[in-house]
Amino acid sequence: MIDIEQEAWAGMVAHAEATYPNECCGAMLGSIDGDEKQVKVSLRLDNAAAGSQAAYYELRPEDLLRADREARERKMDLIGIYHSHPDCDAYFSQTDLKNSCPWYSFVVLSIQKGRFDHANSWLPNAEQTAAEKEELKWQKS
Ligand SMILES: [Zn+2]
């Protein structure tokens, strides 16, 4: 289960809406207790995809390292990555699966016509052949 605190969630939604019609991406920092994850901070990262950013996102490895460092400085963990799907459902695509890491949660925000619609969290398996849905909660403002 992944639970996203109000300020972190508001930041993710604002980022996804501002980046529309392109995809945004970012990191989620917080604490992990067993399979209970609490996201306290969301961090905007650059979409470094060279092609169409309306359909793809790409993280730079150094940005991910920076997010990991920032988490440790705040005595938190890097829990996962979020990205948006403009005018698309919050499913986990084959590309998402290929670019995933099995130890992170992947939150996908569906943005329809520029506004937040729904979101899902995904847990890829170790082989990156499938992802299962993780229970996702967020705290509304
Ligand atoms: Zn995606």
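Which backbone oxygen does the side chain of S42 reach? In this predicted model, where local features need pLDDT of at least 70, side-chain atom pairs count only at pLDDT 80 or more, and totals for chains, interfaces and linings use all residues, it is the oxygen of A8, at 2.9 Å. Residues are numbered from 1 along each chain as its sequence is written, and side-chain values use heavy atoms, with hydrogens and water left out.

S42 itself sits in strand 3, residues 36-45. (Strands are DSSP runs of E with at least two residues, helices are runs of H or I with at least four, and both are numbered from the N terminus.) Once neighbours within four places in sequence are set aside, S42 touches A8, G11, M12, A27 and Y82; contact here means heavy atoms within 4.5 Å.

Strand 3 also has a partner: strand 2 runs antiparallel to strand 3, and nine bridges join the two. Strands count as paired if DSSP finds at least two bridges between them. The hairpin they form has two residues between the strands, and G34 takes a positive phi near 65° there. On its other pairing, strand 2 meets strand 4, again in the antiparallel sense, over six bridges. L29 shows up in both pairings: V41 is its bridge partner in strand 3, while L78 stands opposite L29 in strand 4.

L29 and L78 turn up again in the largest nonpolar core, which has 21 residues; A27, L29, Y57, L59, L78, F92 and F106 have the most contacts inside it. Strand 2 (25-33), strand 3, helix 2 (61-73), strand 4 and strand 5 (105-112) each give two or more residues to this core. Another core, of 17 residues, lies apart from it and includes A16, C24, I79 and L136. Such a core is a set of buried Ala, Val, Leu, Ile, Met, Phe, Trp, Tyr and Cys residues joined through side-chain atoms within 4.5 Å.

H85 in strand 4 (residues 77-86) and D96 in helix 3 (residues 94-98) are eleven residues apart, linking distant parts of the chain. Both H85 and D96 are buried, meaning under 20% relative accessible area with a 1.4 Å probe and protein chains only.

Conventions: Buried means under 20% relative accessible area, exposed over 50%, partly exposed in between (1.4 Å probe, protein chains only). A polar contact is a pair of N or O atoms within 3.5 Å; within protein, one must be able to donate a hydrogen and the other to accept it, and residues adjacent in sequence count only if both atoms are side-chain atoms.
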